[in-house]
Amino acid sequence: MAEKSPTINRRKFVADGLRVAGAAGLFGAAGLLTMRRGGEPINNLWQIDPNKCVACGNCATHCVLDKSAAVCKHAFRMCGYCNLCTGYFEPEAAELTTGAENVLCPTGAIVRTFVEDPYYEYTIDEPKCIGCAKCVKGCIAFGNGSLYLQIDQDRCMHCNECAIAVACPSEAVRRVTAETPYLPKDGDPES
Amino acid sequence: MMRPIRFVLFAVVLLAAASNAALAVERFPPPEFTDHALPTTQFAPARPAFIQYVDVALLAGGLALASYLALARRSRRGLFVLSIAALAWFGFVRHGCVCSIGAIQNVALAAGNANYTVPWVVVAFFVLPLVFTLFFGRTFCAAVCPLGAAQELVAVRPIRVPRWLEHALGLLPHVYLGLGVALAAVGTAFLICRYDPFVGFFRLGATSAMLIFGGCVLAIGVFVGRPYCRFLCPYGVVLGWLSRLSKWRVRITPDQCIGCRLCEDVCPYGAIEPPTSALSPAARPAVRGWFVFFLVLLPVLIAAGAVLGSHLAVPLSRLDPAVELAEQVWAEDHGLTHVTTDASDAFRNTQRPPEELYRAAQSQRVKLAWAGMGFGAWVGLVVGMKFIMLARYPRQTDYEPNPAACVSCGRCFWYCPQDQVHRLQTTKDTKNTKTAC
């Protein structure tokens, strides 16, 4: 059949050639799109810029995960180690004890330990933290602003469109590279 | 000798001033502990990237296997098993992200915004199914796409959608594609991801509205085969174009079609086109007349669409966060509203001048006006092309799947008597050769 009709053969050859060219063109365009940045690292991780965050509380409710990927971090070198910590206690706390009625955190994720008079240290129990930013808000308002939210890159789903970024009122959620997956408030996490 | 010392002194004074300024921000200076080491903040490292290589490898492997099963083995059962595997991995394990359908937007954004770097995995997810479709037809839809697989599973009582309705609803994916690309290219929103009906099921959690939408798509899918694929999926549009050009594609019968019409009844997606009778010479001028008329109408429709689309700038900009914020701030500054939003409060905190925000919003509005115009022209083109396609009179002798609509599910293979005969013969042959050996 094929030998009998050389015109069909030629047409088939041209069509195949066009298909291969089309596939090569698709791959080429894809490569061009990926390489266009001159080898710059790809920023496909989401992170919260703590200097833009207004602690609105959307992170806790808008993340696609059941327990939000946003968790509280503590910049220990910025903290004032106050006894009356406005990130830890309710504004009208009856007494400065660890009783649940006095404490701001809804899940008891902040651990308060005595260091030396009059200083107390506050550490975050991350598995308990739901990213509600109540402590962050209190600390920004009256303290040093050492408590801040970050997206836990170990748990983040890396959604194509981050639901927290859509819900963020201050455009604080942006794409970062794998080299700088976190934006810590007190500088480099290694130092 | 004096100069270096003076310089050092100067630097020390400067540094002291700088550190004082930094300390002044902190309301309560951090204490100097004598015998207490400060804990370090723990940051969990990002998960390794190798899972992305696994994803791309599985995608390529899945596409190759689906093409083999659909075209060489002609195995409906194999395709079904593969589609369940795809649903499990790309759907429930990988939570439906990244997917080829959503990748359209990343590519559009990368084309529209030079500051955005599109990850190569996303590009691979966009391109690989296109290339496979160019050669093997829509085998991606058959057994690799988790959204398609979910709908394939529930299509148990499919009814036939009337042709006119099928043609009309078939315009929707084109419109959705245009809108999704326009909004993504401008950087306003990833609409296609936001209204993905099944991602809520894959992640076992979404807003109630999206879960209801997804549930409705599945419920409709019981009676109307693959409603998302046929009447919404924007990636299916692109695959449909390429599938028309594909080298190999699903053919119903391996031998001569006997016109029994069994396949036409079993196709749940209305993809099988019946043979057409030869056009009578009397009807030929009328058909040609309509064809020429719609050909002339095409530029008119495109122009009309562009004009109408340019009026979409205002409704489209409602979706843009920058424009929304600028309008809120403007309304507050001009006493039109006394209720502030979280976004406007956050903006006031930054101390940025509102004019800067207005300029950004204005540039976004201009971009959206162009995007709206392009979108309108696109809709005009799609409607015009639909008319032209309907006015054609293609000659067809057998029952053949329409390559653009066929998702290579393989249901028709089993119902084709010729295929059954073919199968029996081949198994008999292999048995004979076995006994002979």
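How many salt bridges does the rule find across the interface of domain 1 of chain B and domain 2 of chain B? The rule finds zero there. A salt bridge is a side-chain nitrogen of Lys or Arg within 4 Å of a carboxyl oxygen of Asp or Glu.

The views show a predicted model, where local features need pLDDT of at least 70 and side-chain atom pairs count only at pLDDT 80 or more, while totals for chains, interfaces and linings use all residues. Residues are numbered from 1 along each chain as its sequence is written, chains are lettered from A and ligands numbered from 1 in the order in which they are written, and side-chain values use heavy atoms, with hydrogens and water left out.

**View 1. The two domains of chain B.** Domain 1 covers 52–275 + 400–416, and domain 2 covers 284–391. These bounds come from an automatic or database domain assignment. Taken over C-alpha atoms, the domain centres lie 28 Å apart.

**View 2. The interface between domains 1 and 2 of chain B.** Here 14 residues of domain 1 are in contact with 16 residues of domain 2 (heavy atoms within 4.5 Å). The two domains bury about 1,300 Å² between them, 79% of it on carbon and sulfur atoms. Buried area is the accessible area (1.4 Å probe) lost by two parts on being put together, summed over both. Four residue pairs are in polar contact, both residues at pLDDT 80 or more. A polar contact pairs N or O atoms within 3.5 Å; within protein, one must be able to donate a hydrogen and the other to accept it, and residues adjacent in sequence count only if both atoms are side-chain atoms.

**View 3. Chain A against chain B.** In this interface, 61 residues of chain A are in contact with 54 residues of chain B. The chains bury about 4,900 Å² between them, 60% of it on carbon and sulfur atoms. R19(A), N160(A) and E161(A) supply 14% of the area that chain A buries against chain B, more than any other three residues.

View 4. K247(B) forms a salt bridge with D16(A), with the closest N and O atoms 2.9 Å apart. On the side of chain A that touches chain B, helix 1 of chain A gives the most, with 10 residues. Helices (H or I, at least four residues) and strands (E, at least two) are DSSP runs, numbered from the N terminus.
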